[in-house]
Amino acid sequence: MAIQYLALTSLIVLYSLMFIGGYISAAGLGLTCPEWPLCPNGVMPSEEYFIEWTHRLIAATTGVLIIATMVASLINKNADLKIKITSSIASALVVTQITLGALVIDTKLHAVLVAIHLGIGILLFAMVLLTVLFAFRISKSSKPITT
């Protein structure tokens, strides 16, 4: 049962990450924190860096959750190949996203990289959503059938 809630938590946190990322982009705050991975002043940024720092913190949390979901699916004996594939693709995409996020900052918001970052984010969301759907199918299929 834990894999279902781990996958669902990953999806919810990922959605919040996409929401705050969209806000940052629309508000023109993408370079408020010009260094990567930490903002100036280290782990706890000053108020001017808070929104971008929050985005990075949620991104790191999302990465951990998605990779943990993949590990859980790989060690779960009831998990079929579909969830293992979608969670593995999601893990590869989240690593790609974090890397692209760093490149977007390093290249001062290069438009092509920003667009690729958005596109991969959408693919990542789709893979995590599929992982959630497959995870909840595990719980249905592993329940004993009573007649």
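Predicted model: local features only at pLDDT ≥ 70, side-chain atom pairs only at ≥ 80, totals over all residues.
User: How many cavities of 30 Å³ or more does a search of the whole structure find?

Analyst: Rolling a probe the size of a water molecule over the atoms shows where empty space is left. Here the search of the whole structure gives one cavity of 30 Å³ or more. The volume of the largest cavity is about 30 Å³.

User: Which residues line the largest cavity, and which helices supply at least two residues of the lining?

Analyst: The lining is made up of S10, I66, T69, S87, A90, V128 and T131. At least two lining residues come from each of helix 2 (50–75), helix 3 (81–106) and helix 4 (111–141).

User: Which residues touch the most other members of the largest nonpolar core?

Analyst: In soluble globular proteins, nonpolar side chains tend to be buried together. In this model the largest nonpolar core has 28 residues, and I66, I83, A90, L124 and V128 touch the most other members. Helix 1 (2–26), helix 2, helix 3 and helix 4 each supply at least two residues of this core. The most comes from helix 4, with nine residues.

User: What is I66 in contact with, leaving aside its neighbours within four places in sequence?

Analyst: With those neighbours left aside, I66 contacts S10, A90, S91, V94, L124 and V128. I66 is also one of the residues that line the largest cavity.

User: Is T86 buried or exposed, and where is its place?

Analyst: T86 belongs to helix 3. Its relative accessible area is 7%, so T86 counts as buried, the cut-off being under 20%. Neighbours within four places in sequence aside, T86 is in contact with M127, L130, T131 and F134. Of these, T131 also lines the largest cavity.

User: Which value of phi does K108 have, and where is K108 placed?

Analyst: K108 is not a glycine, yet its phi is positive, at about 55°. K108 sits in the loop between helix 3 and helix 4. Because its relative accessibility is 54%, K108 counts as exposed.

User: What is phi of L109, and where does L109 lie?

Analyst: L109 is a residue other than glycine with a positive phi, near 65°. L109 lies in the loop between helix 3 and helix 4. With a relative accessible area of 36%, L109 is partly exposed.

How values were computed: Residues numbered from 1 in each chain as written. Heavy atoms only, no water. 1 Å grid on protein atoms, 1.4 Å probe; cavity = no way out; pocket = protein on both sides within 12 Å on 5 of 7 lines; lining within 4 Å. Points joined across faces, edges and corners; volume = space filled by probe spheres on them. Helix = DSSP H or I, 4+ residues; strand = E, 2+ residues; numbered from the N terminus. Buried < 20%, exposed > 50% of the residue type's maximum accessible area, 1.4 Å probe, protein only. Core = buried A, V, L, I, M, F, W, Y, C linked by side-chain atoms within 4.5 Å. Contact = heavy atoms within 4.5 Å.
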